[in-house]
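User: I'm new to this one. Can you walk me through it?

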Amino acid sequence: MIIIGYDDHDTAKRCYAQVIELQKDRIVDLTGLAVVTVDSDGESHVDTPTRVVSGSAAGGALWGALFGLLFLVPVAGVVLGGALGALFGVLGKVGIDRSFRDRVQSLLGPGKAAVVIMSGQRTEDKFIDALKPFGGQVLKTSLSHEQEKELADELDTE
């Protein structure tokens, strides 16, 4: 998973559009993509192209859970209690710990935005070169296919 934070919405939306083009050009094989913008009142808005998110139920569940845990946890954590705590334990084992979630949340404030990318494979040099002009603060965590399956299995039991 790659999360790129931007100080403005326009740059994030241009990066997001570029990632969609990279998918069309087969430079990246997306399993999830979203742009998160925060308005001047601090309210988050999400744009996710449904045709990009993984077609498998496990992939869709994983994308939805990771996205929710990274961006919507403060409210959901209070409501979901123990079940969410167990999932946080699994996330921590695969490198998405509280520190990473805090860094993700610190990227977003009023007027800011982030592009969230999950991909199976990508041509790394072409991918980086295509996104370099947009700049931004990059956060990255790598989930192996085994770790994705472990998370998806954990979600399936919740």
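This is a predicted model: local features need pLDDT of at least 70, side-chain atom pairs count only at pLDDT 80 or more; totals for chains, interfaces and linings use all residues.

User: How many bridges join β2 to β3, and which way do they run?
Analyst: Four bridges join them, and the two strands run antiparallel. β2 covers residues 28-38 and β3 covers residues 44-47.

User: Zoom out. How many helices and strands does the protein have?
Analyst: Seven helices and five strands. From the N terminus on, the order is β-α-β-β-α-α-α-α-β-α-β-α.

User: In what order do the strands sit in the sheet?
Analyst: The order is β3-β2-β4-β1-β5. It is an open sheet of five strands, with antiparallel pairing.

User: Which strands are at the edges?
Analyst: β3 and β5, the latter at residues 137-140. Each of them pairs on one side only.

User: How much are neighbouring strands turned against each other?
Analyst: By 20 degrees on average, with direction ignored.

User: Which strands does α5 touch?
Analyst: Helix α5, residues 98-107, packs on the sheet and touches β1 and β5. Its direction makes about 155 degrees with that of β5.

User: And α6, which strands does that helix touch?
Analyst: α6 touches β1, β2, β4 and β5 as it packs on the sheet. The angle between the directions of α6 and β4 is about 165 degrees.

User: Let's stay with β4. Why is it largely enclosed by the rest of the structure?
Analyst: Because seven of its ten residues are buried.

User: How many bridges pair β4 with β2?
Analyst: Nine, in the antiparallel sense. β1 and β4 also pair in the antiparallel sense, over five bridges. In that pairing, I3 stands opposite V116 in β4.

User: Which residue of β4 is opposite V28?
Analyst: R122. V28 itself lies in strand β2.

User: Is V28 buried or exposed?
Analyst: Buried, with a relative accessible area of 3%. V28 touches V19, L22, Q23, S119, Q121, R122 and F127, leaving out residues up to four places away in sequence.

User: How far apart are V28 and G120?
Analyst: They are 92 residues apart in sequence. In space, C-alpha to C-alpha, they are 7.7 Å apart.

User: R122 came up. What does its charged end sit over?
Analyst: The ring of F127, 5.5 Å from the centre of that ring.

User: New topic, the inside. How many residues are in the largest nonpolar core?
Analyst: 21. Those with the most contacts inside the core are C15, L33, V115, I117, F127 and L131.

User: Which elements give two or more residues to this core?
Analyst: β1 (2-6), α1 (9-24), β2, β4 (113-122) and α6 (124-131). The largest share comes from α1, with six residues.

User: What is V115 in contact with?
Analyst: Leaving aside its neighbours within four places in sequence, V115 contacts I2, I3, I4, Y6, A12, C15, Y16, L33, A34 and V35.

User: What lies apart from this core?
Analyst: Another core, of twelve residues. Among them are V104, L108, A114 and L139.

User: Last one. What share of the protein is buried?
Analyst: Buried residues make up 43% of the 158 residues.

Terms used:
Residues are numbered from 1 along each chain as its sequence is written. Side-chain values use heavy atoms; hydrogens and water are left out. Two strands pair if DSSP finds at least two bridges between them. A charge sits over a ring if NZ of Lys or CZ of Arg is within 6 Å of the ring centre and within 35 degrees of the ring normal. A nonpolar core is a set of buried Ala, Val, Leu, Ile, Met, Phe, Trp, Tyr and Cys residues joined through side-chain atoms within 4.5 Å. Buried means under 20% relative accessible area, exposed over 50%, partly exposed in between (1.4 Å probe, protein chains only). Contact means heavy atoms within 4.5 Å. Axes are lines fitted to C-alpha atoms, for helices over the stretch in contact, and angles run from 0 to 180 degrees between N-to-C directions.
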